[in-house]
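Please look at the side chains in the model below.

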Amino acid sequence: MLTRRNYLTTRQNRRLDLLWATDDEYVALEVTWMFYQDLIQAYGHPKKKEGKKLMDRIINTLRKGLPKGLEELAQLGRTLWRRREDVLAYFDIGASNGPVEAIDGRLEHLRGIALGFRNLDHYILRSLIHSGQLQARINAL
């Protein structure tokens with residue numbers, strides 16, 4: 001369920017189709033998964049202009065309202081609507097702040113485990129080593 005549909009094996013596709021067909025209990029999951037597939041398709045579209053159109057269509061569909069039982073998906077729709085300019089800017093610029101967030105996450109993790117550092121220079125050096133994966137290049141550590 002965490003991958004694109006075209007990456008699933010034939011057996012996995014059959015099992016998923018069987019799940020959707022047999023029980024109405026999983027309708028909310030099916031609708032959410034289908035929107036997830038649409039989001040992946042929009043971001044992965046080879047033509048950024050077409051991807052932007054797809055994403056705009058997804059945001060508008062989620063914005064117009066969903067049936068009861070899809071509160072989380074409705075919340076996602078409200079968030080995407082509020083941040084639509086930022087989300088759609090990816091298709092114009094083609095850049096993401098993901099790498100910056102990854103480095104920030106590593107530094108936050110280091111800060112949490114490095115509370116005993118008393119020397120600022122050691123903390124800065126350790127931060128650079130941790131975030132830049134310099135450990136393999138430095139023999140002393």
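**The nonpolar core**

The largest nonpolar core has 13 residues, and Met55, Ile58, Ile59 and Leu62 touch the most other members. Four helices, α2 (27-44), α3 (48-63), α4 (71-82) and α5 (84-93), each supply at least two residues of this core. Helix α3 gives the most, with 4 residues. A nonpolar core here is a set of buried Ala, Val, Leu, Ile, Met, Phe, Trp, Tyr and Cys residues joined through side-chain atoms within 4.5 Å. Helices (H or I, at least four residues) are DSSP runs, numbered from the N terminus. Buried means under 20% relative accessible area, exposed means over 50%, and partly exposed lies in between (1.4 Å probe, protein chains only). In soluble globular proteins, nonpolar side chains tend to be buried together.

The model is predicted: local features need pLDDT of at least 70, side-chain atom pairs count only at pLDDT 80 or more, and totals for chains, interfaces and linings use all residues. Residues are numbered from 1 along each chain as its sequence is written, and side-chain values use heavy atoms, with hydrogens and water left out.

What does Met55 touch, leaving aside its neighbours within four places in sequence? Met55 is in contact (heavy atoms within 4.5 Å) with Leu39, Ala42, Tyr43, Val87, Leu88 and Phe91.

Gln37 sits in helix α2. Gln37 is buried because its relative accessible area is 14%. Beyond four places in sequence, Gln37 is in contact with Thr3, Arg4 and Arg5.

Asn13 belongs to helix α1 (residues 10-22). Is Asn13 buried or exposed? Asn13 counts as buried, at 18% relative accessibility. Not counting residues up to four places away in sequence, Asn13 touches Arg5 and Leu8.

**Salt bridges**

Side chains of opposite charge can pair when their charged atoms come close. A salt bridge is a side-chain nitrogen of Lys or Arg within 4 Å of a carboxyl oxygen of Asp or Glu. By this rule the count is 4 salt bridges. The table includes three of them.

| Pair | Closest N to O distance |
|---|---|
| Asp17 and Arg5 | 2.5 Å |
| Lys52 and Asp92 | 2.9 Å |

Asp17 forms a salt bridge with Arg5. The pair links distant parts of the chain: Asp17 lies in helix α1 and Arg5 in the segment before α1, 12 residues apart. Asp17 is partly exposed, at 39% relative accessible area. Arg5 is also partly exposed, at 28%.

Lys52 forms a salt bridge with Asp92. This pair, too, links distant parts of the chain: Lys52 is in helix α3 and Asp92 in helix α5, 40 residues apart. Lys52 is partly exposed, with a relative accessible area of 27%. Asp92 counts as exposed, at 55%.

How are Lys53 and Glu50 placed in helix α3? Lys53 and Glu50 are 3 residues apart there, so about one helical turn separates them. Lys53 counts as partly exposed, at 46% relative accessibility. Glu50 is partly exposed as well, at 34%.

**A nonpolar surface patch**

Met1, Leu2, Tyr26, Leu29 and Tyr36 form a nonpolar patch on the surface, with about 490 Å² of accessible area together. Patches are made of residues with over 30% relative accessible area and no salt bridge; like charges are joined within 9 Å, nonpolar side chains (Val, Leu, Ile, Met, Phe, Trp, Tyr) within 5 Å. Accessible areas come from the Shrake-Rupley method with a 1.4 Å probe; for residues, only the protein chains shown count as cover. Leu2 lies in the segment before α1. Leu2 is exposed, with a relative accessible area of 78%.

**Aromatic rings**

The structure holds 4 aromatic pairs. Rings of Phe, Tyr and Trp (its six-membered ring) pair if their centres lie within 6.5 Å; planes under 30 degrees apart count as stacked, over 60 as edge-to-face and the rest as tilted.

Tyr43 and Phe91 form a stacked pair, 5.4 Å centre to centre with 20° between the planes. The pair links distant parts of the chain: Tyr43 is in helix α2 and Phe91 in helix α5, 48 residues apart. Tyr43 counts as partly exposed, at 36% relative accessibility. Phe91 is buried, at 5%.

Tyr90 and Phe91 form an edge-to-face pair, 5.3 Å centre to centre with 80° between the planes. Tyr90 is partly exposed, at 23% relative accessibility. Tyr43, Tyr90 and Phe91 form one aromatic cluster. Tyr43 and Phe91 are also among the contacts of Met55.
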